[in-house]
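Please view the structure first, then read the points below.

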Amino acid sequence: MMGTSPKVDLWLGGAGASVPFPLLSSGKVRDVYELDARHLLFVTSDRISAFDVVMREGVAHKGRVLTAISAWWFERTRDIVENHLVSARVEDVPGLDPSLRESLRGRVLVVRRARPSSVEWVVRGHMAGSGWKEYSRSGSICGVPLPPGLQPAARLPQPILTPTTKEAAHDVPIDEREARARVGDAFYDAAKSAALRLFGRGGEVLAREGIVLADTKFEFGECDGRVMLIDEMLTPDSSRFWDARHVVEGTSPPSWDKQILRDWLEQQPWNKEPPPPVVDPAILERVSARYLELCVKLTGQAPEGAIA
Ligand SMILES: Nc1ncnc2c1ncn2[C@@H]1O[C@H](COP(=O)(O)OP(=O)(O)OP(=O)(O)O)[C@@H](O)[C@H]1O
Ligand SMILES: [Mg+2]
């Protein structure tokens, strides 16, 4: 064995992948399989999307980084709320042949199956994205009033919950009344309190690494009559992470993970509809390095199965 060149085994997953379980859904990045009546298997691929379009190419290590980050937070926030993680060990997935097991190592989460609520639990600590658009029109976000004069990227007086509906295409912002009507008061109160505490914890931990958690989305479901945190957690796919050094009020700070790709795409003759352009391998490598850097900063190591 040479042992010098890094091992990079891209996993693009999707409907054609040889995973021996029923594929329940395939999102932009993750594939969800049914393990049994009470358990799902999440496989996070190396697919990357920008402007809501999935690129043809994968980003090395991305799926493993996202998996490692989610699992890391799940393990460290059980004191706040119960979550769906059962195991991140590929050995705990039954019936995989040895080569598939190595391909999936570091990309899988075995989770408890829950009944997802029809609300996405968005928490915002800074002014950005659709929140900024709504605030600049109405002075509030999802019915939460905010002081006048806030600029893009400004830190909010305190983190706020700004729920949306959960739609296949575009989620719609809703206010507290509508969210309560969808999930019931007890579920709403439990999920809101957990979401705000998780955001607080996440923001503190990331700040120590020089990263600003601008906003994030949690999902909660019902499992055995209890409120359970599900889906992914505090990853750069479900959150807006900013490099603290580049947060300037009045600007739209670059995204920690995707800015390199977005900037490059903006320079291409492309209308942001599929099919996307062929992405320059040097760009993919730089994006990959960003993900690895984030994983090491946060969890202290490269993800399992990836040789950095
Ligand atoms: N423990 C769980 N039990 C049941 N469903 C879950 C659980 N955790 C997450 N889910 C659901 O699994 C789905 C994961 O889908 P995924 O995020 O991969 O794609 P998507 O949300 O359809 O699209 P996108 O690529 O835009 O995120 C979501 O609908 C989520 O609500
Ligand atoms: Mg999703």
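Which residues line the largest cavity? They are Arg30, Phe42, Thr44, Leu66, Thr67, Ser70, Leu109, Asp231, Glu232 and Thr235. This is a predicted model, where local features need pLDDT of at least 70, side-chain atom pairs count only at pLDDT 80 or more, and totals for chains, interfaces and linings use all residues. Residues are numbered from 1 along each chain as its sequence is written, chains are lettered from A and ligands numbered from 1 in the order written, and side-chain values use heavy atoms, with hydrogens and water left out.

**Cavity**
- On a 1 Å grid over the protein atoms alone, a cavity is a set of points where a 1.4 Å probe fits but cannot get out, and lining residues have an atom within 4 Å of a point.
- The largest cavity has a volume of about 80 Å³, a volume being the space filled by probe spheres set on the points.
- Its lining divides into three nonpolar, four polar and three charged residues, where Asp, Glu, Lys and Arg count as charged, Ala, Val, Leu, Ile, Met, Phe, Trp, Tyr, Cys and Pro as nonpolar, and the others as polar.

**Ligand 1**
- Among the 16 residues around ligand 1, Lys28, Arg30, His84, Arg112 and Glu219 come nearest (near: a heavy atom within 4 Å).
- A polar side-chain atom of Glu219 lies 2.6 Å from an oxygen atom of ligand 1.
- For Lys166, a polar side-chain atom lies 3.0 Å from an oxygen atom of ligand 1.
- A backbone N or O atom of Ala114 lies 2.9 Å from a nitrogen atom of ligand 1.

Note on methods. Polar contact = N/O pair within 3.5 Å; in protein donor to acceptor, adjacent residues only side chain to side chain. 1 Å grid on protein atoms, 1.4 Å probe; cavity = no way out; pocket = protein on both sides within 12 Å on 5 of 7 lines; lining within 4 Å.
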